[in-house]
Amino acid sequence: MTEQEKEARLLERLERGELVESPEEMTEEYRENLIHLMLMQADSEIAGAFGYVPWIMKAPTPAEMLAVASITRDEVRHGRVVYKLLEDLGVDVESRIRQYDFTLRVGENDYLGQARASDDQRVNIFYYPIETWTDFILFNVLMDRAAGHQLEDVLQGSYGPWRRVMQGIMKEETMHIAHGDTWLKRLGRNPETHDELQAGLEKWWPRVMNVFGRPRTRRNAIYRKWRLKIRDNDEVRQAFVADVAKPIAEAGLVMPTWTPDWEKVPEEAQAAG
Ligand SMILES: [Fe+2]
Ligand SMILES: [Fe+2]
């Protein structure tokens with residue numbers, strides 16, 4: 001079978017709602033894009049876990065030490081589960097782990113926009129440091145939630161093994177979000193911590209809005225063709241914004257405004273970059 005015939009046959013099967021279960025069924029384009037997306041997830045899970053590690057020690061109470069430790073464990077587990085799927089596709093995970101420094105962070109005031117700070121494939125928000133307990137909570141509220149929205153497409157996606165492991169992962173992410181939302185309310189409603197929380201929200205907001213990517217990219221079209229994603233980047237971003245509005249309001253916070261870099265006039269974009 002030529003690659004073209006293979007492609008036509010796979011597209012037909014996906015059209016019928018069938019799942020891909022093994023590398024033999026994949027076209028080269030399918031395999032490359034699937035690997036890219038799973039690497040983004042696995043690298044993010046591990047980089048995320050490493051960012052949380054110091055907060056096991058710095059959490060405000062023993063109960064919170066345990067909560068952070070268990071969130072950290074969940075993230076390492078998510079990373080391991082997805083790396084295992086990657087190994088089945090021939091990725092050399094062990095040398096990858098040796099090659100990259102997942103503890104690497106940019107400075108607190110560095111702005112990445114859509115750029116990345118090293119050659120691992122983590123979503124770029126995982127390059128920003130978690131400096132305070134407020135940052136930790138905002139990370140749960142914003143990034144665990146954003147990841148949940150992004151990975152929701154996987155649950156309806158075409159790669160069976162990934163789809164199945166995502167069910168358990170999503171359950172744990174929901175717990176992380178709930179942990180964040182509880183604390184968001186507590187910190188937001190306390191006059192002593194309210195302003196710091198609002199300032200933190202404004203700091204993290206452009207970072208999280210950037211993780212979804214630009215609307216209508218060529219890459220997104222390829223993901224959708226192979227049912228590795230279902231929605232456009234911007235649709236996912238809008239779903240996230242609609243969902244996070246409620247906890248933000250309940251905590252007595254004001255939702256920040258955001259202008260995408262790609263909609264800014266050139267001088268403004270330059271100043272931000
Ligand atoms: Fe995770
Ligand atoms: Fe999480």
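# Helix packing and loop exercises

Helix 5 and helix 7 cross in the right-handed sense (near helix turned clockwise from the far one by less than a right angle; anticlockwise is left-handed). This crossing belongs to a predicted model, in which local features need pLDDT of at least 70 and side-chain atom pairs count only at pLDDT 80 or more, while totals for chains, interfaces and linings use all residues. Residues are numbered from 1 along each chain as its sequence is written, and chains are lettered from A and ligands numbered from 1 in the order in which they are written.

## Exercise 1: the overall fold

Find how many helices and strands the protein has, and how far its C-alpha trace spans.

Step 1. Take the extent of the C-alpha trace along the principal axes, which is about 70 × 45 × 35 Å.

Step 2. Turn to burial: of the 273 residues in the protein, 34% are buried (20 or more other C-beta atoms within 10 Å; exposed is 12 or fewer, partly exposed in between; C-beta atoms placed from the backbone).

Step 3. Look at the reach of the contacts (C-beta atoms within 7 Å). Of those in the protein between residues at least 6 apart in sequence, 68% join residues at least 24 apart.

## Exercise 2: two partners of helix 5

Describe how helix 5 packs on helix 7 and on helix 9.

Step 1. Start with helix 7, residues 191–210: helix 5 packs on helix 7 at an angle of about 35°, and their axes are 10 Å apart (axes fitted to C-alpha atoms over the stretch in contact, angles from 0 to 180 degrees between N-to-C directions).

Step 2. List the residues that meet. Helix 5 brings T134, D135, L138, L142, M143 and A146, while helix 7 brings E196, L197, G200, L201, W204 and V208. By class, this contact of helix 5 with helix 7 holds eight nonpolar, two polar and two charged residues (nonpolar: Ala, Val, Leu, Ile, Met, Phe, Trp, Tyr, Cys, Pro; charged: Asp, Glu, Lys, Arg; polar: the others, Gly among them).

Step 3. Move on to helix 9, residues 233–250. Helix 5, residues 133–155, packs on helix 9 at an angle of about 140°, with the axes 10 Å apart, and the crossing is right-handed.

Step 4. Name the partners: V141, L142, R145, A146, H149 and Q150 of helix 5 touch V236, A239, F240, D243, V244 and P247 of helix 9. The contact of helix 5 with helix 9 divides into eight nonpolar, two polar and two charged residues.

## Exercise 3: residues in the loops

Decide whether R216, R227 and E263 are buried or exposed.

Step 1. R216 sits in the loop between helix 7 and helix 8 (218–225). Its phi is near 50°, a positive value in a residue other than glycine. With 10 other C-beta atoms within 10 Å, R216 is exposed.

Step 2. R227 lies in the loop between helix 8 and helix 9, and its phi, near 55°, is a positive value in a residue other than glycine. R227 has 20 C-beta neighbours inside 10 Å, so R227 counts as buried.

Step 3. E263 belongs to the loop between helix 9 and helix 10 (266–272). E263 is exposed because 11 other C-beta atoms lie within 10 Å. From E263 to V76, 187 residues away along the chain, the C-alpha separation is 37 Å.

Conventions: Helix = DSSP H or I, 4+ residues; strand = E, 2+ residues; numbered from the N terminus. Contact = placed C-beta atoms within 7 Å.
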